[in-house]
Amino acid sequence: MRANLLILAGTTEATAFANAAAEAGLAGIVSFAGRVERPKRQPLPQRIGGFGGIAGLVAYLRAEKITHVIDATHPFAAQMSRNAVAACAEADVPLVALTRAPWAAQAGDNWTHVPDIAGAVAALNQPAKRIMLAVGRMHLSEFAPNPQHFYLLRLVDPPKDPPPFPDHHVLVSRGPFTEADDRALMQDHRIDLVVSKNAGGTGAYAKIAAARSLGLPVVMIDRPSLPERQEAHGAAQVMDWLGHSGVDLGV
Ligand SMILES: NC(=O)c1ccc[n+]([C@@H]2O[C@H](COP(=O)([O-])OP(=O)(O)OC[C@H]3O[C@@H](n4cnc5c(N)ncnc54)[C@H](OP(=O)(O)O)[C@@H]3O)[C@@H](O)[C@H]2O)c1
C-alpha cells in the first residue's frame, strides 16, 4: 500500500519523523498551526494553518486521501490532539500519537505541581520574585494578575504585544539549550523561581536540570488529559506501526 501521511507537527520529534519518512520514500504532508514565524524546514511538503475543527479535519483527510495521521504535536497542544482522535475515528483513518514521557521529579528537585496555566497563575499570587516563565508567548497575557514579579521570557519569536507586566526581559531563542547555559542565564538574572510546562523530552529539559543544580523551586504545569489513542515513542516505532498497517516501506 502506498501511504499518504499527514504529520501534525510543531515539535523536534515531528521533524525527526518527517526526515525518517522522507528517507524511507514515503509521501505525505507536514502540518503546522502557524504559531511560529519561521517553522523548521521540512523534507516533505508542508501546509500551515488550522483545519477548521473536527469537521474541517475530516474534510481535509477525505479531500487529500490521507491514509495515516501521525500526531506529533506538543503534549500541550490538546485541542489539536483531541480533534485528531475524533476526526480520524469519523473518517476511518488510522492515527498514532508520537509522544514523549513526561519529566519525573528526581532527588534535588523542588517542584510544585499545578494542573494548568490558571494553576500556575494562582501559584504566583505571592510577593515579588524573579521568575523564569517558560510557557510560550500565547499564554503571557494570562499572567497579568501578577505584575509584581520580574519575568524572564524565553520565546521562539518576539511577543506580538507587550507583556502585561512591566518588569520583564525577553530572550528570543529556539533551543535546544544546555544545562550550563541555563544555569548561567538564571544566575545572570538572579532567578529564584522557574515556571515550566511538563513538556518531556530533552530539548527543553536544560532549565529543569539547571533549576535543580541551583536549588531553585519549579512550578510544574502538568499535562492536559487526552483521549485514549495508539501511541509510539520515537520515529522507529511509528515506522513499525506503518509497516504493520500494510504500508510499503521498502521504496
Ligand atoms: N502548546 C505548546 O506548549 C507548544 C509548544 C511547542 C510547540 N507547539 C506546537 O504549536 C502548535 C500549536 O499549539 P497549541 O497549543 O496552540 O495547539 P492547540 O491549542 O491544540 O490547537 C489549537 C488549534 O490550532 C490548530 N492547530 C494546532 N496544531 C496544528 C497543526 N500541527 N497543524 C494544523 N493546525 C494546528 C488547530 O486548529 P483547527 O481547529 O482550526 O484545525 C487547533 O484546533 C502545535 O502544532 C504544537 O505542536 C505547542
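Among contacts in the protein chain between residues at least 6 apart in sequence, what share joins residues at least 24 apart? The answer is 65%, where a contact means heavy atoms within 4.5 Å.

1. **What you are looking at.** This is a predicted model, in which local features need pLDDT of at least 70 and side-chain atom pairs count only at pLDDT 80 or more, while totals for chains, interfaces and linings use all residues. Residues are numbered from 1 along each chain as its sequence is written, and side-chain values use heavy atoms, with hydrogens and water left out.

2. **Overall build.** The protein chain has seven helices and 12 strands; these are DSSP runs numbered from the N terminus, helices (H or I) having at least four residues and strands (E) at least two. Along the principal axes, its C-alpha atoms fill a box of roughly 60 × 35 × 30 Å.

3. You will find asparagine 198 in the loop between strand E10 (193-197) and helix H6 (206-214). Asparagine 198 counts as buried because its relative accessible area is 4%; buried means under 20%, exposed over 50% and partly exposed in between, with a 1.4 Å probe and protein chains only. A polar atom of its side chain lies 2.8 Å from the backbone nitrogen of tryptophan 103. Leaving aside residues up to four places away in sequence, asparagine 198 touches Phe76, Pro102, Trp103, Trp111, Met220, Ile221 and Arg223.

4. **Alanine 144.** This residue sits in the loop between strand E7 (130-134) and strand E8 (150-155). Its relative accessibility is 31%, so alanine 144 is partly exposed. Phenylalanine 165 is 21 residues away along the chain, yet the two C-alpha atoms are separated by 6.1 Å.

5. **Arginine 41.** Look for arginine 41 in the loop between strand E2 (27-32) and strand E3 (46-48). With a relative accessible area of 78%, arginine 41 is exposed. Its C-alpha atom and that of serine 213, 172 residues apart along the chain, are separated by 35 Å.

Definitions and conventions:
A polar contact is a pair of N or O atoms within 3.5 Å; within protein, one must be able to donate a hydrogen and the other to accept it, and residues adjacent in sequence count only if both atoms are side-chain atoms.
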